[in-house]
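Subject: The structure to look at, with notes

Hello,

I am passing on the structure below, and I would ask you to keep it open beside you while you read my notes. The notes follow directly after it.

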Amino acid sequence: MSTTLPPTTRLPEQAWKSEPISEPDYLRNKRGIMSWVYTLDHKRIGVMYLIGILTAFLMGGVMAILVRTELLSPSRTIMGPDAYNHMFTLHGAIMTFLFIIPSIPAALGNFILPIMLGAKDVAFPRMNLASWYLWVFGAVFLIAAMALNGLDTGWTFYTPYSTTTNSSVISATLGVFILGFSSIFTGINFIATVHIMRPKGMTWFRMPLFLWSLYSTAIIQVLATPVLGITLLLLIAERALGIGFFDPKLGGDPVLYQHFFWFYSHPAVYIMILPAMGVISELISTFSRTPIFGYRFMCYSAIAIAFLGFLVWGHHMFTSESAMAAVIFSALTFSVSIPSGIKVFNWLATLYKGSISLTTPMCFALSFILLFTIGGLTGLFLGALATDIHLHDTYFVVAHFHYVMMGGSLMAFIGGMFYWWPKLFGKMYSEFWGRISCLIIFIGFNWTFFPQFILGSRGMPRRFYDYKPEYQGLHVISTSGAFFLGIGLILCAAVFLHSLWRGRRAPANPWGAATLEWQTASPPPLHNFVDDPVVTDPYDMADFELQRDTGDYVRRPYTPSQSDGTETQS
Amino acid sequence: MIAEAQLSQGPAPHADETFRAHHFETAEQQFAAAKLGMWLFLVTEVLFFSGLFVAYAVFRVLHPEVFVNSAALLDTKLGAINTVILLFSSLTMAWAVRCSQLGQQRGLVLCLSLTIAAAVAFLGVKGIEYAHKWHEGHLWASQYGGPQAGETFDRAGSFFSVYFAMTGLHAVHIIAGIAAIGWLLKRSLRGDFSPAYYTPVDVVGLYWHLVDLVWIFLFPLLYLVG
Amino acid sequence: MSAFSMPASARLWMPESASTAAQQVDWVFDVVLVICTIFFVGITGALVAFVVRYRRREGTPATRQLHHHTGLEVAWSVIPGILLAVIFIVGLTGFMQLTTPPEDAYEVGVIGKKWVWAFQYPNGYIDDTLHVPVDQPVMLNMTSDDVIHSMYIPAFRVKRDVIPGRYTKLWFEATKPGEFNLFCAEYCGTKHSNMISSVVVHPPGEFDRWLEKASNFLETMSPAEAGKLLYKRRGCAQCHSVDGSQMAGPSFLAAWGQTAVLDDGSTVEVDANYIRESILEPQSKARAGYRKVMPTYQGQLKDEEISALIEFIKSLK
Ligand code: HEA
Ligand code: HEA
Ligand code: CUA
Ligand SMILES: [Cu+2]
């Protein structure tokens, strides 16, 4: 970004010196369980979301490990076919609806967005809290399905299987319906916050890229989720009353259901990846100590991904829709790759001639670039018509989406957790063990999922409890990788927990980043800022200097000769 | 629309700070947020209904004759009466907003009450229609048992599935609207609203107009086919 | 470790290829693979190089002055854009072949139901494996009785969903004799992963002989033997055991002559009439204690076939 600020927008020198904070931080501001139950503070809601989604991740992860264990050998290893079907369905449903969709926006985003923007809170704090409770309700319904008759439809709920099976489809879909509203509320809140709550000086093109990505995510949440809502409502009506929208026996059309479902669920994959891309932009820039390369292209590409993402849903149905539709959707599918590529190349260019430090968050960010690139590029095999016909519903697809969802979104989420952890809880963690966990996760991840590409292209269908013996070798490799991966994630959780009990106090700005959330104390006070922050270029890190004794970065005293607003930087 | 002159007589709009939440700089900012929030919500509502409109379009393209024949089974007169009732309620709602902006307390209460009355009347007519369909067996696909079931209108059930899904969902929105306007009525009796603070009236008004608008589409699409 | 060995003929990324489409699809796959590998290697290389070269050293700030470069950014939008268009077109050409069957294709009817495939040949004969002649286009005309299934033959690189309430088509031309896997690729419940069959590709001339022999099984076999074949092929074995073990339906072992309790409390003797009725109208006299899941075989089994099944059940003592 080339905008250089006129010197008048800079604060006088003494304002940047860390003054003792008089206000207690948001965690200690009020005490007692009731102060959490009724809280309207976006930071506390973010923390509650974090606890919720991590619990969901743990559940989904345990199920994944059971799924992988079952696949060690053909036929029965540890469970029967029905148990297996319930297991992968709930794994998929929990991971998507309970974990990855709310992960970055609702947990990290809730906490960071208003502070990064320089606002006191999101536009509608009550709706924000409501969204959290809706998440809890939805989770209860979804998980209740497990306790009732289980759920064996796959996370896609395809009709007429889902309308005829005797598992608890109504409870589960009602849960997802409610979760959808939770997501819509977050989306409405973020759009309104970004539009209305920006303080003076925070122009659109001075917004950090994380905010751009949350904003474009929110657009998808608001435009796509209602369609999922009506689809699930119709599915429930179909099961409970037999209204026959999707049942061919009653004059309905099962492929119509697929269109409805993917009209939401394809954009939903960009709900998962866009915030992740935003996190990565912050991380790469901060730890290279250089402004993000091609800031404007990054902003536009986020918006482009959000909109193009609405045009390609039919690529999940190449084997069920008409040939004409397949050709159109295939062509449109490739369009999304261009803005995605721009992002990858701009991240690389940001590294170029930077001053790169391999901190834990940065390790996750670099892993993200590699894994997301593999995931994205394998998406091209699926977008190409001839190859998708062969690869559809095989493990190739399973590998593709784990690379983008887990190697992409999840790695970015964990990286973001490590990055903002000091801000969230005011504690530092062990860099050494953090990096080790990243290494184990990176290796374990590839070990688990790369063999699945080969499995899939060699013809192994997905959602298979039993399989032909010729596929066993690769399944065994994949399963052993999953155990290794599990160790890495447990280590990672241990690093966080250890930091909570034993961590060193975090300074306000441990990384020397220039975005606003680092200009307030760690953890922040109740109203985010004691003094109104002054908005500058979000990536202008050159002015920050490390103070050896505190580990804090503070802004260098302003000297007019350094930058007087007349020179241009690029 | 309110004339500038009228506005300038009373207090400036959004000057009342009583209901300003702490995180907004000004009441004006709060009003802007509420309004944007409601517009976004309306966008989600439109998309929510759009699923049903798409299903309608798909089924109609596949079986145009079914739609023409089945629509004849609906009571156009009752549908038309309901259309008039809803248009009237839109008018009273718009008037209510105007009253709140002008500080006309009694007018506001009257208009809100009329709107609720119209909404209830709408549901009453709808109830009569539903009861009628129930008696004749003109129900959704799996329950369809009209006299012509299995014969002339083989798939009439599909049409009635669409009919019940669309009008049913719309009726749920009317009920939600009654609740929201009831809340406005309560607050207006308490005297919360004034030219300096009328955000809730404005915002609920937007919602109500959308609900009316959906009906304006439903009426011709369901009753006037053919 | 025999499980790790792969058939010698197959490449790492693909199973054996045995149809005209397979060559085309593999070529598309290779094109995409090459493009993607180049990008991936380039990106990884750059990433590693930059991280090594520009590792932070004490006191050295970042040296890049350039914050954006429109030309560069346009370049890395346009060049991938062109390559993506190439991938699309390459994929499209392969797809056109997959979706345009030749006029003279040999037609086989397919019915998918939980969890068996039924292949119906032009002479009316039904089998649970797909037999086709080599070097001859074959067209499958498919529909489903219950939920969505998907016909998938990896060695031919073809797949098409099998949807209730409509007919879908899939065609291929096998290029080498042999037996290949045939999977159901759309999740369809408990035994989705066992809804497996195979395609037998017959060498030139042999297919007709096979079909004739197979079609005459009612004449060439004893009724009980023919019934046993039908029991296996037409999916009865999915729900009825012959060894007394409990499955979705009652076991056929020693069923003949038993007194069965119906769900309305009445009883009935298991005789020829009852069996015939159970097959044609399973729900009319349903046994107590079972879910009513048995599909009707009305119009799908001929009289002689039902008689053969009755003889088979009778023979299980
Ligand atoms: C985070 C989630 C996420 C993301 C980001 C993506 C991204 C993409 N996905 Fe993926 N996808 C899923 C999650 C995701 N997907 C899921 C969950 C499923 C399965 C659902 C189910 O059935 O259960 C799925 C399935 C799926 C299918 C259907 C497969 C099938 O069932 O048959 C297809 C087909 O087109 C597809 C394509 C793509 C493409 C083209 C992209 C693109 O957006 C990728 C773009 C990125 C790149 C291309 C890499 C970077 C670009 C460059 C380096 C530029 C240079 C490159 C070249 C010019 C070669 N995906
Ligand atoms: C975000 C989404 C996500 C994530 C992260 C994962 C993670 C994993 N998935 Fe999953 N998966 C899906 C989404 C996801 N999956 C979806 C949508 C499907 C499709 C379902 C369907 O077909 O309907 C699927 C299906 C699927 C299958 C295919 C099943 C089949 O088709 O038959 C398999 C098989 O190997 C699998 C394996 C795994 C494994 C081993 C992991 C592992 O990576 C899991 C590792 C996690 C742990 C071991 C938990 C450890 C956690 C902690 C200790 C707490 C951590 C706390 C902190 C880090 C702070 N998954
Ligand atoms: Cu049939 Cu899966
Ligand atoms: Cu998609």
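This is a predicted model: local features need pLDDT of at least 70, side-chain atom pairs count only at pLDDT 80 or more; totals for chains, interfaces and linings use all residues.

The shell around ligand 2 holds 35 residues, and the closest are A:Arg68, A:Tyr84, A:His91, A:His402 and A:Arg463. When these residues are sorted by class, the shell divides into 25 nonpolar, 7 polar and 3 charged.

Which atoms of chain A lie 2.6 Å, 2.9 Å or 3.2 Å from an oxygen atom of ligand 2? A backbone N or O atom of A:Arg463 lies 2.6 Å from an oxygen atom of the ligand, and a backbone N or O atom of A:Trp155 lies 2.9 Å from an oxygen atom of ligand 2. For A:Arg462 the atom belongs to the side chain, where an N or O atom is 3.2 Å from an oxygen atom of ligand 2.

Chain A itself has a secondary structure of 16 helices and 2 strands. Its radius of gyration is 24 Å, close to the 25 Å that the globule rule gives for 570 residues, so chain A is as compact as a globular protein of that length.

Next come the contacts between chains. There are 2 pairs of chains in contact, and of these it is chains A and C that share the most contacts. Chain B and chain C, on the other hand, do not touch, and their nearest C-alpha atoms are 13 Å apart.

The contact of chain A with chain C takes 100 residues from chain A and 84 residues from chain C. The size of an interface is often given as the accessible area lost when the parts come together. Between chain A and chain C the buried area is about 7,900 Å², and carbon and sulfur atoms give 67% of it. The count of salt bridges between these two chains is 1, and in it the side chains of C:Arg166 and A:Asp253 meet at 2.8 Å, N to O. Across the same interface of chain A and chain C, 25 residue pairs are in polar contact. On the side of chain A that touches chain C, the largest share, 10 residues, comes from helix H11 (residues 337-351) of chain A, and by class this side has 53 nonpolar, 32 polar and 15 charged residues.

How many residues of chain B are in contact with chain A? There are 32 from chain B, and they are in contact with 35 residues of chain A. The area buried between chain B and chain A is about 2,700 Å², of which carbon and sulfur atoms give 78%. The count of salt bridges between chain B and chain A is 0, while 2 residue pairs are in polar contact across this interface. Helix H2 (27-62) and helix H6 (156-190) of chain B each supply at least two residues of the side that touches chain A, and the largest share, 18 residues, comes from H2(B). By class, this side of chain B has 20 nonpolar, 10 polar and 2 charged residues.

With best wishes

Terms used:
Residues are numbered from 1 along each chain as its sequence is written. Chains are lettered from A and ligands numbered from 1 in the order in which they are written. Side-chain values use heavy atoms; hydrogens and water are left out. A residue is near a molecule or strand if one of its heavy atoms lies within 4 Å of it. A polar contact is a pair of N or O atoms within 3.5 Å; within protein, one must be able to donate a hydrogen and the other to accept it, and residues adjacent in sequence count only if both atoms are side-chain atoms. Ala, Val, Leu, Ile, Met, Phe, Trp, Tyr, Cys and Pro count as nonpolar, Asp, Glu, Lys and Arg as charged, and the others, Gly among them, as polar. Contact means heavy atoms within 4.5 Å. Buried area is the accessible area (1.4 Å probe) that two parts lose on being put together, summed over both. A salt bridge is a side-chain nitrogen of Lys or Arg within 4 Å of a carboxyl oxygen of Asp or Glu. Helices (H or I, at least four residues) and strands (E, at least two) are DSSP runs, numbered from the N terminus. The radius of gyration is taken over C-alpha atoms; the globule rule is 2.2 Å times the number of residues to the power 0.38.
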